[in-house]
Amino acid sequence: MEATAGAAGREVAVLGPRLRASWQRSEHYGLSPEDMRPVFTGSVDTASLLYECGHEVLQGLHRTLANEPVSMMITDCDGLVLCRLCDDPSINRSLDRVNLAPGFYFAERNAGTNGLGLALADRTPSLVRADEHYCTALRGYTCAAVPILDPNTGSLAGSVNLTTWSDSSSELLLALAQATAGNTTALMLARGTGRRPRPTPRGEVFRVYADRFQQHEDPHATVSHSWNKAVATACAALAHGRIVASVGEPGAGKTALISLARRQTEPRERVLSARPPAPDDAPGWLTLWTPELDKDSTCVIVSGVDALPAWTAAELARVFRRARRTDGGTPGRLQPFAMTAESYSAIPEALAPLVDTVVEVPALRSRPDDVMPLAHHFARQHRGHAVTFTPAAERALTAYDWPENVRQLRQVIRNAASRTEVIDTHHLPAEVFTDAVRRLGRLQELERDEIVRCLTEPGTTVVQAAERLGMSRASVYRKVARYGIRLPDRTRPKQS
């Protein structure tokens with residue numbers, strides 16, 4: 001056993017930082033080089049958009065590489081192999097023996113350091129060759145894997161994995177995997193909602209000033225009980241020196257809530273917010289802002305820790321533990337910091353033990369009383385003075401579900417306030433009048449938007465809108481129902 005441990009130590013010593021961190025995680029999961037634990041699920045979701053698009057792209061690559069000993073796979077975000085394409089019988093039989101096949105989970109915790117597991121953990125293209133695999137059963141292969149990101153949300157959807165023999169050339173393998181992942185994302189975008197892809201993370205670090213929405217900005221503003229309760233919970237935890245994780249849907253105001261709570265407990269303290277970087281930018285991102293932890297009266301909010309590469313989260317946890325307040329040379333509490341994520345379970349394993357208190361930020365649809373105070377705040381912030389909303393616009397804004405939360409409301413209000421001093425229904429986008437009952441294609445979105453535009457023109461009736469659209473009134477009502485459009489009051493049919 002000691003000889004084995006010594007050999008493993010020598011192997012780890014020659015690995016790069018990311019691979020070394022992955023080996024350490026594999027050991028932490030209780031695996032040994034001779035031990036793999038691929039779990040068979042018994043079923044694969046072949047109806048998902050990821051499977052549909054990934055399988056189609058792989059088929060095109062498979063036709064190009066039909067005579068090459070390369071096995072091509074798509075996995076989901078948990079490492080479940082969804083499909084595998086390869087015509088080489090010898091490599092297929094070999095991969096079956098190690099369970100690298102559809103229906104098996106092959107993440108790091110199941111199979112140790114491997115290409116697809118590392119790509120999912122660090123969210124960056126990964127090439128694992130021969131002896132770089134943690135488990136000896138995989139050392140006959142070279143694996144190139146690239147994460148697939150959801151083009152609309154930026155979340156991790158899965159990965160592309162190309163596997164060949166370890167003695168085969170692997171120079172082009174990673175480039176092929178990157179092209180396949182990019183084509184899969186593009187196809188998912190084309191067949192999804194038709195929206196523009198979410199921008200790549202840039203890892204900004206900025207100071208949070210006292211310009212977040214606060215109740216005292218408008219003495220007539222009413223703020224929902226659920227928001228106030230969440231702020232009070234965060235305030236109490238921060239006042240006792242606890243580490244807070246703010247969780248909730250994207251755009252719900254997780255960073256804003258911690259910033260507001262921190263300013264209520266420590267009004268003179270500097271608050272810095274660090275957004276997650278692109279995986280390749282993580283080293284520079286850490287170097288940029290972590291020195292701030294050594295400064296007094298500074299609180300750091302790390303936003304979106306669930307998007308951090310695994311090795312970055314581990315390094316961040318080490319930095320936070322090191323940056324402790326001291327009193328006469330005696331280690332004390334952790335330097336004040338907080339983090340945000342979509343859920344507690346999504347917080348990386350390295351950071352989760354540091355969390356003392358979890359505060360759930362309610363989605364905007366759960367607090368409609370906040371919509372108009374926030375709308376007035378965003379309009380005033382954008383124009384530098386108050387902007388008026390018509391009653392019809394207020395009803396439309398309050399009735400909408402805001403699937404992208406406060407972030408979406410801010411963008412809608414800024415766009416409307418850029419056009420007018422009095423915001424009415426025709427200044428609002430079609431999405432505000434639509435219940436998102438199902439995914440629409442690009443042409444359907446264009447038709448829906450044109451119907452909403454005509455119906456929200458001042459003084460327009462359904463009859464007039466139908467004439468402009470070249471439809472019968474009955475057709476307009478059918479399409480209104482199909483697209484889930486909520487008609488403005490003045491265009492609703494009168495009750496007999």
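**Reading buried residues and cores**

Colleague: Let's begin with Cys83: is this residue buried or exposed?

Modeller: Buried means under 20% relative accessible area. This model is predicted, and in it Cys83 has a relative accessible area of 5%, so Cys83 counts as buried. Cys299 is buried too, because its relative accessibility is 0%.

Colleague: How many disulfides does the structure hold?

Modeller: Zero disulfides are found here.

Colleague: Now, what should I look for in a nonpolar core?

Modeller: The general idea is that nonpolar side chains tend to be buried together in soluble globular proteins. In this structure, the largest nonpolar core has 38 residues. The members that touch the most others are Phe389, Leu397, Trp402, Leu409, Ile413, Leu428 and Val432.

Colleague: Which helices each supply at least two residues of this core?

Modeller: They are helix H12 (371-383), helix H13 (391-399), helix H14 (405-417), helix H15 (442-455), helix H16 (462-469) and helix H17 (473-483). Apart from this core lies another one, of 26 residues, including Leu61, Leu85, Leu127 and Ala177.

Colleague: Which residues does Ile413 touch, leaving out those up to four places away in sequence?

Modeller: On that count, Ile413 touches Ala375, Phe378, Ala379, Phe389 and Leu397.

Colleague: And what about Asn92, buried or exposed?

Modeller: Try the cut-off again: buried means under 20%. Asn92 has a relative accessible area of 15%, so Asn92 is buried. You can find Asn92 in helix H4 (residues 89-97). Leaving out residues up to four places away in sequence, Asn92 touches Arg84, Cys86 and Asp87.

Terms used: Residues numbered from 1 in each chain as written. Predicted model: local features only at pLDDT ≥ 70, side-chain atom pairs only at ≥ 80, totals over all residues. Heavy atoms only, no water. Disulfide = S-S within 2.5 Å. Buried < 20%, exposed > 50% of the residue type's maximum accessible area, 1.4 Å probe, protein only. Core = buried A, V, L, I, M, F, W, Y, C linked by side-chain atoms within 4.5 Å. Helix = DSSP H or I, 4+ residues; strand = E, 2+ residues; numbered from the N terminus. Contact = heavy atoms within 4.5 Å.
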